[in-house]
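Please read them with the coordinates open.

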Amino acid sequence: MSIYVGNLSYSVTEDDLTQVFSDYGTVKRVQLPTDRETGRARGFGFVEMESEAAEDAAIEALDGAEWMGRAMKVNKARPREDKGSRSGGGYSQRY
């Protein structure tokens, strides 16, 4: 499982997040999505930790905590929605 971390400063790096979360256990992976057009960070990220206990401890401690001038939003990441085919997505009106 992974942790969603929102309301991040756009200047946050993967190393910054790793340091903050490593206080609660071993960090396996950090991911900071970037905007496709600008390449700029999108203000949120994902952190994977070695154990669920470490994830729970980090969520408990960091959700709502102020960091880099912002109150972080930290919770369990939800599975990605399948946005596969978009057939029939248009509006049609029949008379």
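1. The lining of the largest cavity comprises 3 nonpolar, 2 polar and 2 charged residues. In this classification Ala, Val, Leu, Ile, Met, Phe, Trp, Tyr, Cys and Pro are nonpolar, Asp, Glu, Lys and Arg are charged, and the others, Gly among them, are polar. The residues concerned are S2, R29, V30, Q31, F46, V47 and E48. On a 1 Å grid over the protein atoms alone, a cavity is a set of points where a 1.4 Å probe fits but cannot get out, while a pocket is an open set with protein on both sides within 12 Å along at least five of seven lines; lining residues have an atom within 4 Å of a point. Grid points are joined across faces, edges and corners, and the volume is the space filled by probe spheres set on the points.

2. On provenance: this is a predicted model, in which local features need pLDDT of at least 70 and side-chain atom pairs count only at pLDDT 80 or more, whereas totals for chains, interfaces and linings use all residues. Residues are numbered from 1 along each chain as its sequence is written, and side-chain values use heavy atoms, with hydrogens and water left out.

3. The protein chain has 2 helices and 6 strands, in the sequence order β-α-β-β-α-β-β-β. Helices (H or I, at least four residues) and strands (E, at least two) are DSSP runs, numbered from the N terminus. Of the 95 residues in the protein chain, 31% are buried; buried means under 20% relative accessible area, exposed over 50%, and partly exposed in between (1.4 Å probe, protein chains only). Among contacts in the protein chain with a separation of 6 or more, 60% are between residues 24 or more positions apart, a contact being heavy atoms within 4.5 Å.

4. Which strands does β1 pair with? Strand β1 (residues 3-6) is joined by 4 bridges to β3 (residues 44-49), and the two run antiparallel. Another 4 bridges join β1 to β6 (residues 73-76), also antiparallel. Two strands are taken to pair if DSSP finds at least two bridges between them.

5. The largest pocket has a volume of about 840 Å³. Strands β3 and β6 are the elements that give two or more residues to its lining. The lining has 19 residues, with F44, F46, R78, R80 and E81 nearest the centre of the pocket. By class, the pocket lining divides into 7 nonpolar, 4 polar and 8 charged residues.

6. Helix α2 (residues 52-62) has A54, E55, A58, I59 and L62 as its buried residues. These lie on the same side of α2, because they cover an arc of only 135° around the axis (taken from the directions from the helix axis to the C-beta atoms). The buried residues of α2 pack against β1, α1 (14-21), β3 and β6. On the other side of α2, E52, A53 and E60 are exposed. G64 follows α2 and has a positive phi, near 90°.

7. Leaving out residues up to four places away in sequence, L8 touches L17, L32, G43, F44, G45, W67, R70 and M72. The C-alpha atoms of L8 and F44 are separated by 5.5 Å, although these residues are 36 apart along the chain.

8. N7 is not a glycine, yet has a positive phi of about 60°. N7 sits in the loop between β1 and α1 and, at 38% relative accessibility, counts as partly exposed. M68, also a residue other than glycine, has a positive phi near 55°. The place of M68 is the loop between β4 (66-67) and β5 (70-71), and its 41% relative accessibility makes M68 partly exposed.
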